[in-house]
Every structure is written in structure tokens, then in C-alpha cells.
Amino acid sequence: MRVLIVIIWYCLCISDFPLLGQNARAPIRDEQFIISPYSFGIHALGGFNIHTASFSRFKGIPSCCPEYTHASSIGSTIGLMGSYALNQELGSALRASFNGLGGDFTSEELQYVMSQQGFATITHSLETSLGILSFEPQVMMSIGRTRLSAGGWLGIPLSMQFAQRETVFPGTFDGLNRIRNELSGNIPFTPSLILGVSGGLSQE
């Protein structure tokens with residue numbers, strides 16, 4: 001069983017979690033206003049995706065790669081959110097988002113190539129494009145001007161694509177081609193649900 005744990009660090013967050021001052025009465029010109037504990041809005045996030053792995057190919061897809069181990073990429077998220085302030089320091093939230101969580105894997109090996117009559121470097125490349133709908137229940141806490149958030153991450157894959165190729169330099173694989181196993185399509189046997197954790201830190 002392969003469990004994919006996605007750790008998302010929020011680098012850019014356009015949202016509003018009005019914890020401080022909730023349920024408080026503020027006198028303005030001898031009038032009192034009650035601030036609602038509920039908040040709704042749109043959020044946009046940017047982050048750095050880090051993938052760790054130990055596999056050589058997708059099941060049913062030809063590949064001569066000995067092992068892919070890691071990948072990274074810049075990802076983005078956009079969606080809707082709602083929050084509820086329990087008091088001035090503690091609140092809860094729920095986000096519904098579309099996430100781009102792809103990554104580019106690369107692996108190199110040195111092999112003897114007959115057409116070259118010598119050793120050559122074979123580069124295995126695997127690009128993935130992952131579009132995932134996620135739901136994030138979160139708990140938020142304010143400590144002074146610092147705001148912390150943590151919770152679960154439930155992902156439903158919508159689009160899981162890959163593109164791979166193997167290249168050799170110098171020389172060729174068969175006396176003619178420098179590229180082999182160039183394939184693309186849907187990632188086979190993707191899970192129906194991906195579980196993870198999320199967390200955030202912001203300063204007012």
C-alpha cells in the first residue's frame with residue numbers, strides 16, 4: 001500500500017480569518033456593532049511541492065529507469081473558504097480547493113552503449129501533472145499577532161497525467177534514435193482518495 005502524504009506550506013494566502021475581536025462590541029459614536037463570527041471568502045495559495053518516491057515505472061508503462069527518488073515543482077491552489085470564530089483566540093475553517101501538485105522526476109545512469117562502442121549517459125525523465133480537488137478542515141489559533149492553522153487534507157484526483165522519455169548522450173540506442181520509451185497519458189491505478197495534512201503560519 002502506498003500512502004501519499006502531501007505537506008503544503010502556504011507561501012501566499014489571500015484570505016480573511018477574523019479571529020481577533022469576534023463577538024466583541026465596539027463603541028463607535030455611542031453605537032454598538034456586533035461582529036459576526038462567520039466569515040466567507042476566496043483564497044489563493046502558492047507553494048513548493050516536494051515529492052519523495054522509490055519506483056522505476058508506472059504499472060503497465062515500459063521504462064528502463066532503475067529508480068525515481070524525488071521531484072519538486074511550484075504549485076498553486078485556488079478555492080473557497082468559510083470560517084467560524086469560537087472566541088477571540090480559537091476558530092475553525094473549511095476550504096474547498098483545486099490544486100496543481102505535479103512534479104518532474106529525473107534519473108541518470110551510465111551504461112555501455114553498443115552503437116557508441118563506449119559508455120554514455122542515459123537520462124530518464126518523467127513529468128507529472130496532478131489536478132486534485134481537496135477539502136481541508138482546519139483549526140486556527142491566534143497568539144498575539146501570530147496566527148497558526150493546522151488540519152487534515154482530503155484530495156480527490158481529477159486529472160492525473162504523465163509524460164516520459166529516455167535519452168542517451170553521446171551515441172544512440174539503436175544506431176538511429178537518441179530517444180526511446182517516449183510515452184504520455186493518464187497515470188494508471190491512481191487512488192480515489194489521497195490523505196494528507198496541512199498547516200500554516202501568518203503574522204498580522
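Good morning. The structure above is a predicted model. I begin with the overall architecture. The chain contains zero helices and twelve strands, and the order of elements from the N terminus is accordingly β-β-β-β-β-β-β-β-β-β-β-β. Of its 204 residues, 36% count as buried. Among contacts with a separation of 6 or more, 69% are between residues 24 or more positions apart. The accessible surface of the chain is about 12,400 Å², and carbon and sulfur atoms contribute 61% of that area.

I turn next to the aromatic side chains. How many aromatic pairs does the chain have? With ring centres required to lie within 6.5 Å, the count is seven. One pair deserves a detailed description. The ring centres of phenylalanine 58 and phenylalanine 162 are 5.6 Å apart, and their planes meet at 70 degrees, so this pair is classed as edge-to-face; the cut-off for that class is over 60 degrees. Where do the two partners lie? Phenylalanine 58 is in the loop between strand S5 (38-55) and strand S6 (68-85), whereas phenylalanine 162 belongs to strand S10 (residues 146-169); the pair therefore ties together parts that are 104 residues apart in sequence. Both phenylalanine 58 and phenylalanine 162 are buried. These two residues also take part in a cluster, in which ring pairs link Phe55, Phe58, Tyr68, Phe105 and Phe162.

A further aromatic residue, phenylalanine 189, has a charged neighbour. The charged end of lysine 59 sits over the ring of phenylalanine 189, at 5.3 Å from the ring centre. Is phenylalanine 189 buried or exposed? Its relative accessible area is 68%, so phenylalanine 189 is exposed. This residue lies in the loop between S11 and strand S12 (194-203), and its phi is near 55 degrees, a positive value in a residue other than glycine.

That brings me to the backbone. As a point of reference, most residues other than glycine have a negative phi, and most peptide bonds are trans. Asparagine 181 is located in strand S11, and its relative accessibility is 23%, so it counts as partly exposed. Which form does the peptide bond from phenylalanine 169 to proline 170 take, cis or trans? That bond is cis, with omega near -10 degrees. Proline 170 is placed in the loop between S10 and strand S11 (179-186).

Thank you for your attention.

Technical notes: Residues are numbered from 1 along each chain as its sequence is written. This is a predicted model: local features need pLDDT of at least 70, side-chain atom pairs count only at pLDDT 80 or more; totals for chains, interfaces and linings use all residues. Side-chain values use heavy atoms; hydrogens and water are left out. Rings of Phe, Tyr and Trp (its six-membered ring) pair if their centres lie within 6.5 Å; planes under 30 degrees apart count as stacked, over 60 as edge-to-face and the rest as tilted. Helices (H or I, at least four residues) and strands (E, at least two) are DSSP runs, numbered from the N terminus. Buried means under 20% relative accessible area, exposed over 50%, partly exposed in between (1.4 Å probe, protein chains only). A charge sits over a ring if NZ of Lys or CZ of Arg is within 6 Å of the ring centre and within 35 degrees of the ring normal. Contact means heavy atoms within 4.5 Å. Accessible areas come from the Shrake-Rupley method with a 1.4 Å probe; for residues, only the protein chains shown count as cover.
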